[in-house]
Amino acid sequence: MNGKSSGDVFGFVCSRRALLWGTPLAFGGILLSGVCRAESLDAIPLTPGAKVLRKGYVSVPARSSNGPGLAGMDIYSPARAWLDVDFAVTEKADLTLMILTQRQKDQLSRGVRLSEDPLARVDIEGPETANHSIIVRQDNYFVGFLNDSWRPVGAIVRMSIRAF
Amino acid sequence: MRLKTAFCKSAFATHRINRVRFEVALFVIVPLSFGASTAICQSRAPAWCNVPGTSGYAGACQSSGGTRTIVIEREVIYKLGPPITVWKLPSVEGATSSDMAPISNRNLQIGAGNESAGPYGLYHKARRALRDGDSEKALIYLNAALQRAPSAREADDILALKREAQRKFDESQAAKFRFQKSDRQTELVEIDVDGVPDNVLAELSNPKRMDKDIEAVRRELFPLFVAQSDARKKAKELEKMSKLNGQGTGGSQEQNAVAAEIKKAEVALDAAEKIVRAKVEEKKEVILKLVPRRDGQ
């Protein structure tokens with residue numbers, strides 16, 4: 001009896017129907033899990049094994065005659081890893097999350113145009129809680145938030161890194 | 001399943017026979033997905049042949065040919081690879097990371113601002129601006145997007161949105177314009193209308209008739225009425241002057257000139273009247289057309 005019922009369960013799990021429905025649902029769940037409308041980072045669970053680099057509130061300065069407001073930090077990845085930037089913006093904003101390599105940051109600081117696209121440029125419209133992940137190698141990186149509006153915008157940011 | 005040639009001890013041996021094909025696939029997929037090598041235990045296990053036409057067991061079953069389906073069990077041998085780095089201790093990243101803080105670096109700010117959006121990023125910004133009703137901002141974004149070497153497909157999207165943004169911008173500009181009351185002075189003029197049937201004049205003067213057709217006729221006819229009235233007034237004045245001159249001591253030459261003027265004015269009046277009559281006749285149908293009135297009568 002037990003053998004039969006376990007065989008039936010095995011048969012269902014491995015049946016074509018279960019595969020047909022289960023696979024898209026599982027992938028959809030994974031893709032949508034990081035994007036939601038909420039006001040805190042609790043909505044985005046930290047990936048198991050990830051190491052939090054920084055977590056806290058940052059106020060991105062307003063746009064000025066110097067250009068868009070910028071707040072950012074340099075990070076170092078000691079190995080190939082997933083770099084996750086989770087953010088929550090509670091008001092309407094015109095922010096852009098940018099991730100640059102150290103070389104690209106140096107180029108921009110010298111006033112030179114980038115020869116390659118930045119690693120990430122993500123529009124943040126606000127209010128929203130979302131995350132963005134990229135794969136990084138062993139290197140220095142710069143993660144910055146650009147503010148294109150004429151008033152400062154606050155954001156809660158959590159940056160984590162997970163070697164794989 | 002027509003032939004069962006080999007059998008290895010396994011839990012799957014109790015499964016129904018119609019699931020065998022899937023089990024074989026599973027045995028192939030699972031080891032491959034883990035990157036493990038496999039070995040097939042065909043020879044070590046006792047073979048079992050009970051199908052007529054085969055030659056017993058101990059070894060591969062022999063058949064006379066055709067398709068054969070077999071059940072096999074694979075032994076998974078995991079290879080040791082290089083150790084996966086979980087993390088390096090002490091944490092190097094912590095030692096070199098700066099704090100997330102505002103940065104004041106003009107070059108970096110402007111450069112990052114310029115690089116912060118590709119053509120399609122600007123396209124999406126323009127879409128958002130358009131959704132928020134700011135068509136002017138949308139146009140700025142779209143123009144910037146076109147200058148950033150978009151691909152052909154991106155350019156199509158950008159140009160289509162630019163057309164829409166331009167249309168909305170034009171509409172918004174038109175909506176901003178307010179018609180104001182003109183400070184031009186007007187005057188009421190009394191004119192004599194002649195040669196116009198009463199019912200036609202009544203319809204022309206009817207303030208409840210505001211339809212487009214009669215408005216067009218009014219714009220055509222009223223200047224003609226004024227011209228006709230002016231011609232009549234001029235003719236009357238000249239006639240009056242002529243009478244006054246006849247009573248006085250004016251010479252015949254002067255009288256002749258006045259007479260010529262009167263003649264001229266009469267011709268002009270005649271012409272004006274003819275024009276009015278012809279126009280009224282031409283537009284009579286439109287003027288007298290039955291139009292539902294605004295008061296519902």
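In what order do the five strands of the open sheet stand? The order is 5(A)-4(A)-7(A)-2(A)-3(B), and the pairing is antiparallel. Here a strand is a DSSP run of E with at least two residues, a helix is a run of H or I with at least four, and both are numbered from the N terminus. Two strands pair if DSSP finds at least two bridges between them.

Before we go on, a word about the model: it is predicted, so local features need pLDDT of at least 70 and side-chain atom pairs pLDDT 80 or more, while totals for chains, interfaces and linings use all residues. Residues are numbered from 1 along each chain as its sequence is written, with chains lettered from A and ligands numbered from 1 in the order in which they are written.

Two bridges link strand 3 of chain B to strand 2 (residues 69-77) of chain A, and B:Pro102 is the bridge partner of A:Ala71.

Next, find helix 4 of chain B, residues 119-131. Its buried residues (20 or more other C-beta atoms, placed from the backbone, within 10 Å of their own) include B:Leu122, B:Tyr123 and B:Leu130. Seen down the helix axis, the buried residues of helix 4 fall within an arc of 165° (taken from the directions from the axis to the C-beta atoms), so they line one face of the helix. After helix 4 of chain B comes B:Gly133, with a positive phi near 85°.

Notes. The expected span of a helix is 1.5 Å times one less than its number of residues. A residue is buried if 20 or more other C-beta atoms lie within 10 Å of its own, exposed if 12 or fewer, and partly exposed in between; C-beta atoms are placed from the backbone.
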